[in-house]
Amino acid sequence: MSDTRRRVKVYTLNEDRQWEDRGTGHVSCSYEETLKDTSLTVTAETDGSLLLESKINPTTAYQKQQDTLIVWSEAETYDLALSFQEKAGCDEIWEKICQVQGKDPSVEITQDPIDESEEERFEEIPETSHLVELPPCEMSRLEEIAELVTSVLSSPIRREKLALALMSTGYMKKLLQLFRVCEDSDHREELHHLYEIVRGVLFLNKATLFELMFSDDCIMDVVGCLEYDPALVQPKRHREFLTKTAKFKEVIPITDLDLRQKIHQTYRVQYIQDIILPTPSVFEENFLSTLTSFIFFNKVEIVSMLQEDEKFLTEVFAQLTDEATEENKRRELVNFFKEFCAFSQTLQPQNRDAFFKTLANLGILPALEIVMGMDDVQVKAAATDIFSYLVEFSPSMVREFIMQEPQQADDDVLLINVVIKQMICDSDPELGGAVQLMGLLRTLIDPENMLAPANKTEKGEFLSFFYKNCMQVLTAPLLAITTEESADLTEGSTKVNPVCPDNFQTAQLLALILELLTFCVEHHTYHIKIYIMNKDLLRRVLTLMNSKHTFLALCVLRFMRRIIGLKDEYYNRYIMRGNLFEPVINALLDNGSRYNLLNSAIIELFEFIRVEDIKSLIAHIVDNFYKALESIEYVQTFKGLKGRYDQEKDRQQSRGFSRYRRDARSFEEDKDMWMNEDEEEEEEDAEADLDKCKTDYGKYMENEKVKECQDKENQPKRTSTGSFKFTISHSAGAANSSKPPPSASSNSSKPATPTSSQTPKTGIVGLVDYPDDEDEKEESDEEEQSPRKRPRLGL
């Protein structure tokens with residue numbers, strides 16, 4: 001019983017004047033023979049470590065606040081507070097403190113704080129001059145009282161003296177009674193003086209005064225005084241708002257009267273701080289620190305009282321998940337939980353852990369599935385806020401719930417898919433909710449915050465689950481808008497942008513999805529690689545380079561840049577096979593001489609390839625696109641690529657190779673090495689899923705080897721003029737299509753579809769034709785007409 005009574009939380013005031021929780025423990029007060037003094041000691045209830053050891057100094061000012069708080073300062077900038085679980089424990093320790101200092105336990109402050117600098121100034125002044133004499137509490141003396149209150153704010157000593165005088169004589173209650181008389185008589189000048197008085201008393205920053213002023217009997221009169229700001233032509237109607245407009249809704253009846261009173265008081269005091277009081281000046285910024293603490297400790301107490309009432313929370317959850325609950329009622333319940341979770345942030349870490357675990361055990365996550373699927377925008381927003389609190393608290397807890405769902409749910413109703421669909425269907429033109437949800441999804445799929453227990457299963461199991469059940473939902477809008485049908489153009493089409501609709505909101509959504517996919521490329525090496533290649537995702541994404549929205553084209557480019565940044569040869573082979581640099585180079589050339597972010601981003605992509613000396617990509621770019629790029633001279637990137645290419649070709653020829661191209665055998669060796677590396681990186685993956693992914697990738701690589709053999713048979717032959725001809729193969733998907741692939745011919749500004757007369761049956765196309773000398777003049781004329789071959793002008 002003694003331990004329970006003395007259970008406390010230790011708080012310290014930080015530099016930002018905010019109370020920080022230092023832990024929960026049990027306090028004792030004991031006399032040390034060796035030190036000849038009495039000390040307060042707090043030991044942690046978890047491991048018995050020492051949270052606090054503080055000597056009770058006979059001259060330190062201790063304050064007792066709200067019946068369960070003891071606050072004091074051990075140094076000029078170091079404030080401490082003990083928050084007791086029970087009033088009896090607080091009274092017991094308070095009596096011992098008063099006993100050491102020789103004070104009557106009935107006082108609420110043991111010493112009158114003296115500022116050292118002021119103490120020196122008042123040393124020679126008679127003691128009686130330190131007392132603050134209050135004028136009679138009369139209407140005719142209100143101006144004098146207001147001047148007195150204002151004058152003491154610059155002096156810590158006089159603030160303390162005035163606060164004691166106001167409390168000891170019952171002066172504040174007399175002032176509030178006088179306010180009613182002045183208001184009934186409509187004496188505006190006196191009401192303006194009362195505003196100055198009450199505002200000044202709040203700036204005295206004394207908890208004992210706050211307890212009186214914010215009591216049920218006085219708080220509305222305090223609010224009334226603050227309505228009559230002299231700077232306003234007409235007084236505000238704050239009392240009308242608090243009593244008539246602001247309604248206290250009990251989603252479930254609260255039977256604890258103390259709890260009801262605490263909730264009402266906290267709301268009203270928060271309103272005074274946030275709405276009524278003007279923003280404090282730099283001089284006044286520390287005057288309301290105790291008011292902030294008052295609200296903070298009230299919230300801690302409210303959350304603790306609600307959390308301990310198991311019957312109340314159980315009933316709330318029962319109604320929240322009951323299908324028969326009316327929509328309005330459910331909306332109120334969701335808003336209650338939103339506020340409840342917001343208040344929980346005042347709890348110390350271990351109590352906050354217990355709070356969220358209680359919510360999880362009661363079924364908060366299944367309840368969110370229901371409310372997030374409702375049509376009510378406010379309910380969805382509140383549910384999203386609750387979900388964000390849960391994800392921030394414990395991503396692993398949310399992931400564990402998600403993975404357990406398929407046993408009793410379809411993919412369409414999985415919580416994570418509900419979240420994805422809400423992100424996709426956000427009706428806000430600015431997609432504010434979608435951005436918030438995208439951040440939560442990224443937290444959930446981030447391997448950095450996944451647990452690594454002995455069995456190392458969370459990362460592998462959750463990623464396998466996500467790619468199997470959720471990735472198709474996330475990419476559905478992207479895949480739908482980049483289908484072959486939507487990408488096809490009929491000749492003479494008048495559409496400005498056939499791939500991406502000229503819709504800002506749609507472009508924003510696609511950009512969010514691409515941002516998440518870019519994150520996956522960086523953090524999910526194996527799973528996302530399989531997905532990209534199976535869906536031919538990069539080729540489809542690159543069609544969005546045609547978008548009129550530059551920010552979307554940049555997102556596409558960032559996605560490709562992240563892939564190339566991995567320097568993975570299998571990604572490189574995929575890019576080369578699909579001729580996936582063509583849309584990027586087209587965008588560079590279409591951009592013309594404009595020196596903008598798109599231009600810089602594309603140049604940076606090729607500069608990275610040059611600096612990192614990615615040989616396969618360098619060869620591919622120079623072989624296929626150099627004729628179109630050689631005229632760009634305002635940067636040395638492309639000439640540098642050609643230089644790298646020539647150096648490597650010379651090196652290869654000196655070693656007896658006729659072409660700078662890897663053979664099928666080296667490619668097969670790299671494939672085996674890649675498989676081994678990825679197995680080491682993803683050893684925590686579920687075994688079954690790993691086998692499936694290997695099988696899928698094996699099938700893909702078999703097709704690659706067949707194409708490699710065909711590629712060797714159709715290897716380009718060097719002509720008498722030194723030009724090359726290359727076989728164009730766009731992708732696994734494109735290779736199996738009956739439709740011929742587009743060609744990036746340098747003689748036109750848009751890709752053209754080869755006809756049977758242009759393309760021999762072997763599929764060989766002259767992508768970059770190096771003409772004979774006698775044709776140079778004719779080609780030069782054509783280049784002047786082609787926008788893709790114009791040299792770019794730097795701005």
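Tutor: The discussion below sets computed values against their definitions. The model is predicted, so local features need pLDDT of at least 70 and side-chain atom pairs count only at pLDDT 80 or more, while totals for chains, interfaces and linings use all residues. Residues are numbered from 1 along each chain as its sequence is written, and side-chain values use heavy atoms, with hydrogens and water left out.

Student: Why is Glu138 called partly exposed?

Tutor: Buried means under 20% relative accessible area, exposed over 50%, and partly exposed in between (1.4 Å probe, protein chains only). Glu138 has 39% relative accessibility and therefore counts as partly exposed.

Student: What makes strand β7 mostly covered?

Tutor: Six of the seven residues of β7 (residues 78-84) are buried. A strand here is a DSSP run of E with at least two residues, and a helix a run of H or I with at least four, numbered from the N terminus.

Student: How do you know that β1 and β7 pair?

Tutor: Two strands pair if DSSP finds at least two bridges between them. Strand β1 (residues 7-13) and β7 have five bridges, in the antiparallel sense. Tyr11 stands opposite Ala81 in β7.

Student: What makes the lining of the second largest cavity nonpolar by class?

Tutor: Ala, Val, Leu, Ile, Met, Phe, Trp, Tyr, Cys and Pro count as nonpolar, Asp, Glu, Lys and Arg as charged, and the others, Gly among them, as polar. The lining has eight nonpolar, no polar and no charged residues.
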